[in-house]
Amino acid sequence: MPDPRSVLEHTDWAALEHAYGPARDTPFRLVQLLDEDPEVQAGALGMLDMSVLHQESLYSATAPAALYVAAVLNDPRTMTIHDNYSAWDERPRPLRAALLEWLGMIADSAAYGETTGEDDGNDPRDTDAVRAVRGLICDAVLPHLRATDPTVREAALGATTALLQSPGLAGRIPETTQILRGLIPESSDRRERAAAVLTIGAWGEDSTSWLADPDPAIRACAALSPGCNGNAKAMRIVLQALLDPATVDSWFLEPTPADPWAGHPLPHIEGRLRHALLTTAIDRTSDFEELLPAALASVPFCSNLTIADDWGPLLAAAFPFGHDQKTPLTPAQHRYLNALVDHDVCWRHTHLITSWFDDIGLPPARNAIRALLTEPRPRR
C-alpha cells in the first residue's frame, strides 16, 4: 500500500472531479476521517459518499480517495465508535466497519458491466482507474476478515466479496475461502457463519461439509450452493426446511415487504432466505409431486403481493407445459389449487396476479378456479 500522506500530496486533486465539480475539497475530507471527533469523522465520510461515490457513480477522484481510505484502515483512529457513520447503517460501530463497507460499494460499482459489457454510465477512464487499484484495496481489506470486532468482520466480508467480482482477482478466491473456513467454527454468530457459508458456495467452492452442520440454518445455506445441484442430501435439506416456513423466517432478521428496514439481507440471496430455498427446490426438480408438501406449507405465507416470490413460480412448476383445458388436473395440481383458493389474501387486487395465470393458461379469477376444481379428476 502507498503511504496515505503520499496519496494526499502526490495527487493533483484540482485536476480531478467528483459529483460537484473539481475535487479540491476531497483531501480535506479524507484527513477529517482521522479526526479525534467521531462527529467530524461521520460528516467527512458522508461528504465523501455524496461526492466521489454519488449515487454509486464513479469519478476521477474516486480511485485515489479509495486508495487513501484503504491505506488508513489500520489506523487506530478508525476504531472510534459512532452510531451514524453512514446513512445506510445506524448501528453503533467503528468507523473502520463503515469505511470497509464504503470500499465495497466502490468495488461493486466498478464491477458493474465488467463481464457483460453493459454500460455503467461512468466515464470509462474513471471506471478503469478504480479497477486498477482493486488489488491494492483487496490487500488492505483481507486482514480484516479476522478482526476481533464482528461489525468489522462483516463489513470486510462484504467488501471482499465485491472486490473478488473482478476477473483479475479470481485467483485469490481459494486462499480467501481458506480464511473463511477457519473462521466459521470459531464464530458463535449464526448470521456470520451463514454469510461465510453462502459466500463460499457462491464462489463455487465446496460447501458440502456444512450439510452436516448441527444448525439447520447453516445446513440450509450450504444446500443453496450451486455446487450442491444434484446432491440428494442437499435437496432433502431444502425440502425439509420448507415444510416449516415460520421456522425458516425466524432464523435471521430479514427485510420484509411490511418492514423493509428490518434486519439485513443475507449475502448472495435475492430476497428472503425462504424464497431462495423455494427457488432452489423448484430449479432442482421437475416433479411437482416432490414439491407439493413444501408448496402446501407455503400457502399460509402467500399473498397477492408475494406471487413473484412463491406461489407464482410454484404454479409454473405445477403446470410446466401450461394448462390444457381438455386435460384433467393431476391430484397434485388439484390439491395445490384447492389450497390457494381457500387462502383469501391471494385473491385481493387480482391485477397483480393476472400475468402469472395468463402465462400458464389458468383463469385468474377465484370462482373460475373453483369451477375448475369441481371437474372430474384422474385416478393417481
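**Cysteines and ring pairs in a predicted model**

Modeller: The sulfur of Cys-221 lies 11 Å from the closest cysteine sulfur, in Cys-228, which is too far for a bond. This is a predicted model, where local features need pLDDT of at least 70, side-chain atom pairs count only at pLDDT 80 or more, and totals for chains, interfaces and linings use all residues. Residues are numbered from 1 along each chain as its sequence is written, and side-chain values use heavy atoms, with hydrogens and water left out.

Colleague: What makes a pair of cysteines a disulfide?

Modeller: The two sulfur atoms must be within 2.5 Å. A search of the whole structure finds 0 disulfides. Cys-346 is in none, as the nearest cysteine sulfur, that of Cys-302, is 5.2 Å away.

Colleague: How many aromatic pairs does the search find, and why is the pair of Trp-311 and Phe-357 called edge-to-face?

Modeller: The search of the whole structure finds 4. Rings of Phe, Tyr and Trp (its six-membered ring) pair if their centres lie within 6.5 Å; planes under 30 degrees apart count as stacked, over 60 as edge-to-face and the rest as tilted. For Trp-311 and Phe-357 the centres are 6.0 Å apart and the planes are at 70°, so the pair is edge-to-face. Both residues, Trp-311 and Phe-357, are buried.

Colleague: Which residues do ring pairs link into a cluster?

Modeller: Trp-311, Trp-347 and Phe-357.

Key. Buried means under 20% relative accessible area, exposed over 50%, partly exposed in between (1.4 Å probe, protein chains only).
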